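Me: I'd like to go through the aromatic contacts in this one. Here it is.

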Amino acid sequence: MYFAALLARTEDGWEASDTELDNVETLADLADLARQAAVDDDTVVAFIEQEGAWFGVVRVDGEDDPRVFVSDATAASRSSYGAMLTDELIGRDEEASEDLDDLTNLDGTEDGEPEGAEDETEEAEADDRLPAGPLGDVDLLDDLGVTGKDLLTFDSNGDALGEIADALGCTDVLEAVR
């Protein structure tokens with residue numbers, strides 16, 4: 001089961017909103033959703049958590065590219081929303097890969113290789129690039145009071161998002177949407 005929330009920074013503190021990820025398929029979709037929740041193009045932090053397995057934090061500042069941190073890349077890659085984040089972090093673009101395959105692999109084989117052999121190699125290489133631990137920008141919340149060292153100590157099996165919210169000073173608004 002997933003939990004997702006958007007925390008928008010305002011002049012008066014933080015505003016939280018529970019968010020549905022049903023229409024979110026890419027990091028760009030999530031960033032757009034965060035920008036819609038922003039107050040005066042200020043910072044929005046998106047929390048995503050899969051119970052006890054992993055958590056992710058996405059920071060969006062205005063029109064800047066989103067910054068992403070995932071607590072356990074291997075665990076996250078096994079879920080749809082986690083894979084969306086880890087694919088972005090390692091630079092995997094499935095649509096571009098599929099488009100290229102359509103152009104170069106018209107007869108089902110390439111250079112005499114059996115069909116599917118290249119796919120297995122690419123999948124194994126992609127899995128090798130994922131650490132069995134944190135991945136992404138550990139410093140994304142430094143200026144908000146959560147150091148990279150702190151972020152790395154939060155436990156996916158505990159209440160990591162609650163601890164982060166506490167450090168940001170917005171525990172009460174996060175609890176209101178949980």
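Me: Is Tyr2 buried, partly exposed or exposed?
Reply: Partly exposed, at 30% relative accessibility. Keep in mind that this is a predicted model.

Me: And Trp54, buried or exposed?
Reply: Trp54 is buried, with a relative accessible area of 0%.

Me: OK, pairs. How many aromatic pairs are there?
Reply: The count comes to three. One of them is Tyr2 with Trp54: the ring centres are 6.4 Å apart and the planes sit at 70 degrees, so the pair is edge-to-face.

Me: Which elements do Tyr2 and Trp54 lie in?
Reply: Tyr2 is in strand β1, residues 2-10, and Trp54 is in strand β4, residues 54-61. The pair therefore ties together parts 52 residues apart in sequence.

Me: What about the rings of Tyr2 and Tyr81, stacked or edge-to-face?
Reply: Edge-to-face, because the planes are at 80 degrees and the cut-off for that class is over 60. The centres of the Tyr2 and Tyr81 rings are 4.8 Å apart.

Me: Where does Tyr81 lie?
Reply: In helix α3, residues 80-90. With Tyr2 in strand β1, the pair ties together parts that are 79 residues apart in sequence.

Me: Tyr81, buried or exposed?
Reply: Buried, because its relative accessibility is 14% and the limit is under 20%.

Me: Which residues form one aromatic cluster?
Reply: Tyr2, Trp54 and Tyr81.

Me: Switching to charges. What sits over the ring of Phe3?
Reply: The charged end of Arg178. The distance to the ring centre of Phe3 is 5.3 Å.

Definitions and conventions:
Residues numbered from 1 in each chain as written. Predicted model: local features only at pLDDT ≥ 70, side-chain atom pairs only at ≥ 80, totals over all residues. Heavy atoms only, no water. Phe/Tyr/Trp six-rings, centres within 6.5 Å; stacked < 30°, edge-to-face > 60°. Helix = DSSP H or I, 4+ residues; strand = E, 2+ residues; numbered from the N terminus. Buried < 20%, exposed > 50% of the residue type's maximum accessible area, 1.4 Å probe, protein only. Lys NZ or Arg CZ within 6 Å of the ring centre and 35° of its normal.
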